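Thanks for making time this morning.

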Amino acid sequence: MVSFLKKFLKKFTKKNRLNEEEQLIFLKRLLHLLKLGYPILEALDVMKWDVRLKTISATVQLYLRKGWRIDKALDKANFHHTIVAYLYFVSINGDLISSIEKCVTMFEQRLNYINKFNKVIRYPSLLLLFFTFLLIFLKRSVLPSFIELFQTNSSASKSVTISLILIDFFIVLIFICFLIVIIFCFVWYKVKENVPIETKIKFYNKIPLYRHFLKMQTSYYLSTHISMFLHAGLSMKEVLRAMKDQDKLPIISYYATLMTNQLSDGHKVDHLLMALPFIEKNLSYIFQKNDDYDTLQRDLTAYADYIAEEMEDKVMRLIQIIQPTIFIFIALFIIFIYIALMWPMFQMIKTI
């Protein structure tokens, strides 16, 4: 079911993204060659030896030779937007190797989450699909026969009728939920580019579980990028200007714009950060207590490491909860089917 949704959504996205495993391999290989001392264009030539990376390397190399930045070249090669966003900042801090290292760590962690989630969800999804077909079979074949068998016994016949109604309800509920997810994803991919960022933020803030992880993710991106730029010697206004100009992380860009306006008005940004829905309170406290850029950079780096560990822990706990929850739901299905089949018999036995 999960893989079907992914294939369905790919048909309606604006770009056919590269395989994410190949993107990670590309970044790791490029990082390794750069550390060996290869210039980036020569490193891309070497990477063409690998058949999997030949087309990607040629595309990136083509746009680099045209004078494009590394992030724009990767965007043209259809890399994931988080990779493009990370490497956009290379044009600001000039540290390609360090930026790719952080990007590899972030993207590898993301792929690990996705792979673990897919492994956890795959078997329960198949079971859920199987039991849906089982319910349909019961409704069309087994229970109608039961009605004919027990039609002389009003009590048993009534039990079978109730079972049919409940099975109808479950089948329709599953179908409607699945249809709503498909329609929503299709519509969202079609219209999201035209939705104002303020509206998106309000919408995201109404999704209970997602808003919590988006808050942590946004705080992580903000603290990571600001610490990287401060380490490169940029002023806070230059940092915020750079973050505002990128377009791959729209919430970060929007927040950077608000922070720039706050500084232009002569105010500190800590009060603004406290009011933003997708910023952790601890991040605003860091800005509140630090006026020195060196100390701020150190604290933001430490906080980014902390929140990365916190996100990993919470994601793993969520993944561990998903499978038992689905199994419990399926177990209730089994109990329901058993009762639907056996209850009419018990009613019949009582009348004997």
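Let me begin with the total: in this predicted model, the number of salt bridges comes to eleven. As background, side chains of opposite charge can pair when their charged atoms come close.

The pair I would show you at the outset is Arg 110 with Glu 20, whose side chains form a salt bridge with an N to O distance of 2.8 Å. Arg 110 sits in helix H8, residues 96-149, and Glu 20 sits in helix H2, residues 20-35, so that this pair, with its partners 90 residues apart, links distant parts of the chain.

Another salt bridge joins the side chains of Asp 45 and Lys 48, at 3.5 Å from N to O. Asp 45 has a relative accessible area of 33%, which makes this residue partly exposed, and Lys 48, with 24%, is also classed as partly exposed.

Then there is Arg 69 with Asp 71, a salt bridge at 2.9 Å, N to O. Which of the two classes, buried or partly exposed, does Asp 71 fall into? Asp 71 counts as buried because its relative accessibility is 3%, under the 20% cut-off, whereas Arg 69 counts as partly exposed at 34%. I would also point out a network of salt bridges that links Arg 29, Asp 50 and Arg 52.

Turning to the cysteines, how many disulfides does a search of the whole structure find? The search returns zero. For the record, Cys 177 is partly exposed, at 42% relative accessible area, while Cys 185 is buried, at 19%.

Finally, let me take helix H4, which covers residues 51-65. The buried residues in H4 are Leu 53, Ile 56, Ser 57, Val 60, Gln 61, Tyr 63 and Leu 64. In general, an α-helix has 3.6 residues a turn, so residues three or four places apart point the same way. The buried residues of H4 pack against H2, helix H3 (40-47) and helix H5 (70-76). After H4 comes Gly 67, which has a positive phi, near 95 degrees.

Key. Residues are numbered from 1 along each chain as its sequence is written. This is a predicted model: local features need pLDDT of at least 70, side-chain atom pairs count only at pLDDT 80 or more; totals for chains, interfaces and linings use all residues. Side-chain values use heavy atoms; hydrogens and water are left out. A salt bridge is a side-chain nitrogen of Lys or Arg within 4 Å of a carboxyl oxygen of Asp or Glu. Helices (H or I, at least four residues) and strands (E, at least two) are DSSP runs, numbered from the N terminus. Buried means under 20% relative accessible area, exposed over 50%, partly exposed in between (1.4 Å probe, protein chains only). A disulfide is a pair of cysteine sulfur atoms within 2.5 Å. The expected span of a helix is 1.5 Å times one less than its number of residues. Contact means heavy atoms within 4.5 Å.
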